[in-house]
Amino acid sequence: MPETSGAPRPDPSLPVNAIEALDVVKTYHSDGSQVHALRGITFRVAPGEIVAVMGPSGCGKTTLLNCLSGLDRIDSGVIRIGGTDLSSLDDDARTRHRARRMGFVFQLFNLLPVLSAVENAELPLLVTGMKAAEARRRALDALARVGLEDAAPRRPAQLSGGERQRVAVARALVNQPDIVWADEPTGNLDSQTAAEVMNLIVALNRSEKATFVVVTHDPGIGARCDRIVHMRDGQIVEEETPVAGTAR
Amino acid sequence: MNSLFGIPMNMIALVLAATLAVCLLAVAWIYLRERVLFAIGVRNIPRRRAQTVLIIIGLMLSTLIISAAFTTGDTLNYSVTKATYDILGPIDETIQVKSPSAAANRLPFFPASVADALKTNVSDPSLFDGWYPFILTPVPGRAVESQLTKPDIGLVGIDSPTVAQMGGLPGVDGRRYSPSALGPDEVYVNAHAADALNLGPGAHLTIVTRGQPHTFTVRAVLENELLTGQRGGGPNVPQSGIVMPLDRAQSLLGETGKINVLGISNRGNDRAGVTLSDQAKTVLSRALDTPAVQQVLRASNLSASVETTKQQAVHTAELLGSIFTTLFLVIGLFSIASGIMLIFLIFVMLASERKVEMGISRAVGMRRGQLTQTYIAEGMLYDLGAALVGVALGVGVAFGLVVLGTRIVVGGRLPIVAHVTLRSLLVSYCLGAVLTFITVAVSAGRVSQLNIVAAIRDLPDGGAIREPFRRRRWGDVGLGVLLLVSGIVGVAALVITFALLALPQRSLRWRVVAALRETFGRRKLLTLAVLVLGGLDTLSMALGWALLLNLVMIVAIVIAAFVILRGLGVPWLLVLGPVGLLGGGAMILAGIRAQQLFPVMAGLTLIPFSLAFLARWLGASSRLGYSIAGAVVLVLWLLPEKVTGGLFGHLSSNLEMFFLSGLAITVASALVIAFNADRLALLFGPGTKTWQRFLPAVLLGMLAAALLGVGLGAGSQVGDMRQLLIGFGVLSAVAAVISLAGTALGRFTPAIKMAMAYPLASRFRTGMIVAMFTLIVFSLVVMNTINLNFGRAFLTTTATGGWDVAVTLNPNNPMPDLLAKLGQVGVDTSAIAASGGVTPLRSASPLKLQNAGQSTSHDYPVRTIDAAYARNAQTKLQARAAGYPSDQAAWEALAADPGVAVIDAQSLQSGPFAAGEFNFRLAGIKPTDTVIGHPPEVLVRDPITGRSAAVRVIGVISQEVFFDVGFGLYVSPQTYQQLVGPPAYLQQYLRTKPGTNNTAFAKQIEAALSDQGVQAQSVIGTLREQQSLSRGFNAIFAAFAALGLVVGVAGLSVIAFRSVIERRQHIGVLRAVGYTRRVIALTYLMESSFVAILGILAGIVGGVVLTFNLWHSSALQSQDLHVAFAVPWASIALYAGLGYLFSLLFTLIPARNASRVPVAEALRYE
């Protein structure tokens, strides 16, 4: 049985930190030159927290998100997710870990154009081995939670930008993950739709108790998070707790 | 090889080179007018090297197939002509002499003085550089040491001065030998004799002449040549020979002062001399008619003629080369068509990859035509490189596959020498490059039709939106009108060119042109052109090109109509629909008028598709329209002939129908599959209910039941359809098992889901790949099934003519009563139930046959049977004159009535492969007739003696009967004697009692009569041996056809490689949400499996059903093929399995690449 049907969070048995990064270094090598994307990042996120990662373009926000989520490898340091050291897992184990405990929302929505909204949403469940009928039921439920139950049979090309991102959110949450990684989730949306999507994320964070790490340029989005981490040149330069964040 | 499909190769090369030049000029025009566009187009080539390599591989496949076909033709042509030149050596012509008293199967002897008289009476002695009088006659022989025997060793008697003209006889050791060097008991043997009898220098050989044995010592081994005993019967029949001085041979044979062959060498070397053959024949024939020569001939009661032996052999070799090239090209047509689809696909994929870039280009002001030109520039450069690679690889494939294959099949019968001519390379290159250019130009036109907004936003095109009427472009309308006129003028020019080329001499052609100019003047030549146009149809009918010209005109008019209508802004669907309907209708009418099935069926196939286009324009869903059109076309092609034949009556058809049927069935099934593949996906779909999983099996079962119903309705027997039904039963069971397995394999669901999603989302690509596989598998299934059934048909008792053992007697040791002789030498004759004798086919002199009421006559072998044969004949007739109650009654009538004859079924055939050495075609009986209402009269004449007789054909021998019995015109013994001379029944047939081991019995006869030069063989054994040769060739053809599978596999592989790049971001997403590397790789493998299996299945079903109908068509069933229809399931499974396996293998690398895409990087990819 998939683990996604587990107990509601936050679970007292979970470690104090949902995410823990210690002295993480990541360098890209290209055509003989080196780009130091992350220079010894140390960073912790508590279960159920929404953290915004902000900073200028090229400061390493997306690289940090990719490394923390296990999509990319690090050169040195330690990353623990829910207490599990990612470097101890091989590629398959990391993939399974992602499938069971994580969800993703991307700036470009990254829905698969050949699948309908509900088929996109049910993918994370199918890869965990859930039966098709059950996966379909839960995917429809997830779409209903983001207000898109009527869009289930429609393909991404037939949806608006906001609808697509809501489908992406439904896909991210369908397996009831511990952590949702959101890379510029509103970067491709107009301000009104962006606000709607952010409302949705915050509401789901409350109802689902999932941890959210949101990479954003938008101070308005950052202001609605529990904590803002500012990055520059591959390092965390400042952390702040916005006033609005506590009240949201 | 000098012609293809009857068109001179030089003309083909010229036309193709000119066409390629036009293509290159078009690209040069783009370069000169739009240098920037040109640069944009070609910049991708060096930038994306891996992609360039992939595209070149895809583009070269058609050229590869074409080049391989031409190289095969060249190789066979060269090998056979080389063997001919090697065997005939310097001899270009031979003088053949006839004597009414001599046995017909033995070259008659004549005084050596004939040669001297001829030599002194030729008007132009400088034309000849050698005269070769000699003796060549078969004798039985036995090697003393090895005790091996040979019943028909060619005994050559030749004198030293004759041999000295060619510098001596060539030895296998490279030295030259002369008969004068032989001791009184010494002979030379040729290499065949040395191999067959295990002879070498110093060995001893006994030969029998006039019943007396003579033993000789072998002095040396010579090369195989006519002058060392390699007789007629073609270079592929190894013949042993011994050589001795002429006077000794004359003495042994009792023919003192006589020879039986006079060979003549023309001026120049062995190859150059043949070009003078026509001139030499005229000079020699005149010399034969001079009183001095006639006096010598008449004194011996002889008549003589000149045979251009080498020229005929070279012509036959060239015909063989041409037939093989044509066959390989026809077989290759499927692969070429697949290759064209692949090129189309590659460009569509390229366009899809560059969609955003193209959209932006259009948005910033690039016109649609400019976009097309950019693609053409890029495509042409790929094309020029790919055609070069294709030609080179095609030569390699031909040398590797065909040459090695033929060597294995033919063995020592014919030395195969790899060879290719520059002209063939040029034709292959130009043809491949032009075909590719046309495909590139069409696909460039298609990809430039994009919706700018959809392209920029990378959205799917609004395919469902009805295309509106566009702005009129008068330039295009003008171009269309120009095309229409030039099409018609082009046809006129074609007619004039053909008519001029048909004139025998070049000077005459110029005189005709000059006369026309003189009569009409420069301006009036235009008037003449108009007159020609007016009378075009009449002229084309008179010249027999009605169909070709009608088709050319239809194609020109159709293309012109397209261009004009598009120029007027009419939407595509509204152009395709009506033009297709008109074109289809015109083709049906043209076909009915020319009595040809091809255009009728092509027209009938076009109409449903055209209706579907119209229906789409009127708002019908594309799934409904195209599915119905596809299904109608499938039904049209897969219905039995008895159902469809009633519509138009009997129309002529040929090999081209094979290609058309394949294409129609492929396109139709690809449409049905592509538009309904989502229904097929029910097999695996996650939400599928259990009962739905049985649907494919139920559908296949229903199809089988429908086939059974139609088959039974059309008169087939259940037993006949057994194999077909078993096949469908197995397919249904497999479908059911796969369906049920789908429920049990839940962990594969994520891979299956994505593997289905992509092919279902891009119908065009899926349809193209399915079509590529279907086309090739279809051709393989049809070829193998037809071969299997013909093979079975030709091993029945009908095939043996009712005989079990064939006994060939030696002309030098005649044996009037074979059965009595067998009893004398201790053979148990109680095993013999019946016997019969015929004059053998191999030595039958061709006489001239002429249909009553016609003025032309043609060569044909004339034979007769003895009374025993007539009494015991079980040789089946496929058509018999009314009034003869049984086949045997007809044979008995033949023996008794000098006015009747029986002929073989091949004399009724026509078409490109019917023509051969004997090209008489009987009028008055159709191949499908079973009863001869009015026996047609044939005039038989000996061109040398002038004797003639008229006979009525009362029977046609079944096509199944083996060649040695089943070929020739049989006349009564009296008529034969009157025309040719006393018949010698040297070919005897025995029918043994049941339970006799015919092979052992034949060996017993041969052993008992070896010193009489008798050969005996089991008839069925010989047939099996012949079949193994033909099976070998079929295997080569099939292997060549299977090359097409490479195209299909390459298509899948190209798509898989491209899709890794295209779907990079998708792969990133899938990996992010939890797809492991293995599942990603599995997705790719399953996707290619899904498409390949659909294509392969469609090809198998279409091929088997079409062949079933073909086998039961009136044309084949009239030939009494009494075997139940069989399907070569094992071969089909092999090809299907190999095709599938290779598709998997070639998807492995892209699948592996896909699984290793770095996730974070892929997610950033746009």
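1. Contact here means heavy atoms within 4.5 Å, and with that meaning, residues 24 or more positions apart account for 70% of the contacts in chain A that have a separation of 6 or more. The model is a predicted one, in which local features need pLDDT of at least 70 and side-chain atom pairs count only at pLDDT 80 or more, whereas totals for chains, interfaces and linings use all residues. Residues are numbered from 1 along each chain as its sequence is written, chains are lettered from A and ligands numbered from 1 in the order in which they are written, and side-chain values use heavy atoms, with hydrogens and water left out.

2. Chain A contains 8 helices and 10 strands, where helices (H or I, at least four residues) and strands (E, at least two) are DSSP runs numbered from the N terminus. Its radius of gyration, taken over C-alpha atoms, is 17 Å, close to the 18 Å that the globule rule (2.2 Å times the number of residues to the power 0.38) gives for 248 residues, so chain A is as compact as a globular protein of that length. Along its principal axes, the C-alpha trace of chain A spans about 45 × 45 × 40 Å.

3. Of the 248 residues in chain A, 54% are buried, a word that stands for under 20% relative accessible area, while exposed stands for over 50% and partly exposed for what lies in between (1.4 Å probe, protein chains only). A:Phe109, in the loop between β6 (102-106) and α3 (117-127) of chain A, is buried because its relative accessible area is 7%. The phi angle of A:Phe109 is near 65°, a positive value in a residue other than glycine.

4. The largest nonpolar core has 149 residues, and B:Phe347 and B:Trp637 touch the most other members; such a core is a set of buried Ala, Val, Leu, Ile, Met, Phe, Trp, Tyr and Cys residues joined through side-chain atoms within 4.5 Å. Helix α11 (residues 309-353) of chain B gives the most to this core, with 18 residues. Not counting residues up to four places away in sequence, B:Phe347 touches several residues, among them B:Leu59, B:Tyr375, B:Tyr382 and B:Val447. A second, separate core of 54 residues includes B:Tyr860, B:Leu894, B:Ile903 and B:Leu908. In soluble globular proteins, nonpolar side chains tend to be buried together.

5. B:Gly955 lies in strand β24 (residues 948-957) of chain B and counts as buried because its relative accessible area is 0%. Leaving aside residues up to four places away in sequence, B:Gly955 touches residues including B:Leu877, B:Ala901, B:Ile903 and B:Ile932. B:Gly955 and B:Tyr970 are 15 residues apart in sequence and, from C-alpha to C-alpha, 9.7 Å apart in space.

6. B:Glu223 is placed in the loop between β11 (212-222) and β12 (241-245) of chain B, and it counts as partly exposed because its relative accessibility is 35%. The residues that B:Glu223 touches, again not counting those up to four places away in sequence, include B:Pro170, B:Val172 and B:Asn190. Between B:Glu223 and B:Ile340 there are 117 residues of separation in sequence and 49 Å in space, C-alpha to C-alpha.

7. B:Asn198 is found in the loop between α7 (191-197) and β10 (204-209) of chain B, and at 58% relative accessibility it counts as exposed. B:Asn198 also has a positive phi of about 55°, although it is not a glycine.
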